[in-house]
Amino acid sequence: YYQLTFQRPFAGSVGQYPTKDMIYDSSLIIKVVLILGLLSIFCFRFNNRVIRKIKSRDISNFSFLIFEFAVLLLASVQLFGFEAKLTFSTYFGVIFYFSGLLISNIAIVQLRDNYLPAFIMDVPKNIQTHELYKIIRNPIYLGRIMCFIGFEIVVAFQVAFMSFFIIPFYVFLVFREEKLLRKAFSSKWNFYCAKTRFRLLPYVW
């Protein structure tokens with residue numbers, strides 16, 4: 001009689017089973033990537049004009065800055081007790097996360113000197129009506145919402161409470177900022193709204 005034994009393929013072979021160390025390394029990489037993305041959301045907004053406003057203490061809504069920082073910090077802390085599972089939803093969440101990050105940061109760059117974060121309530125020099133702003137009027141907030149939804153998909157909705165705060169918060173900012181722009185630019189803003197009808201989500205709202 002011959003005893004049949006089955007062994008796992010040796011490391012580096014085709015069809016290798018994922019080991020505990022491999023899963024840990026992948027989980028660590030995903031955590032680092034997510035945290036760096038969250039930091040870029042918070043830090044990418046500080047252009048020269050914003051820094052000058054902060055230095056002159058021209059911050060109209062300091063509570064907004066504290067709120068956003070607290071949410072990002074809490075999301076980062078949640079990652080320390082999280083072990084990423086390499087599933088389809090994880091990869092989809094990471095892609096969705098970085099798509100939102102890309103949209104948000106590109107939209108900030110396209111505003112150039114017109115960009116001011118929510119905690120500085122001021123009228124921009126002009127209205128940006130081209131590039132991403134030709135499709136929707138608030139691509140920065142769309143990107144941010146996508147970012148947080150992608151984050152929650154990756155962590156299997158362990159911090160799903162973030163959506164209950166973040167999405168209404170950004171919707172509130174949309175109405176608040178559009179009211180300011182309508183008052184400042186009047187007919188020019190109305191013409192832009194007639195041309196670019198969607199506030200946040202293309203073909204929906």
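The legends below describe close-up views of a predicted model.

View 1. With a relative accessibility of 22%, Leu-132 counts as partly exposed, since the buried class ends under 20%. Leaving aside residues up to four places away in sequence, Leu-132 touches Ile-103, Ile-106, Ala-107, Gln-110 and Pro-139.

**View 2. The aromatic pair of Phe-92 and Phe-96 in helix 4.** The structure holds eight aromatic pairs, and in this one the ring centres lie 5.9 Å apart with the planes at 25°, so the pair is stacked. Because Phe-92 and Phe-96 are four residues apart in helix 4, about one helical turn separates them. Phe-92 is partly exposed at a relative accessible area of 41%, and Phe-96 is likewise partly exposed, at 26%.

**View 3. The aromatic pair of Phe-169 and Tyr-170.** Here the rings are tilted, with 5.5 Å from centre to centre and 50° between the planes. Phe-169 counts as buried at 10% relative accessibility, and Tyr-170 is buried as well, with a relative accessible area of 2%.

**View 4. A cluster of aromatic rings.** Tyr-97, Phe-98 and Phe-151 are linked into this cluster by ring pairs.

Note on methods
Residues are numbered from 1 along each chain as its sequence is written. This is a predicted model: local features need pLDDT of at least 70, side-chain atom pairs count only at pLDDT 80 or more; totals for chains, interfaces and linings use all residues. Side-chain values use heavy atoms; hydrogens and water are left out. Buried means under 20% relative accessible area, exposed over 50%, partly exposed in between (1.4 Å probe, protein chains only). Contact means heavy atoms within 4.5 Å. Rings of Phe, Tyr and Trp (its six-membered ring) pair if their centres lie within 6.5 Å; planes under 30 degrees apart count as stacked, over 60 as edge-to-face and the rest as tilted. Helices (H or I, at least four residues) and strands (E, at least two) are DSSP runs, numbered from the N terminus.
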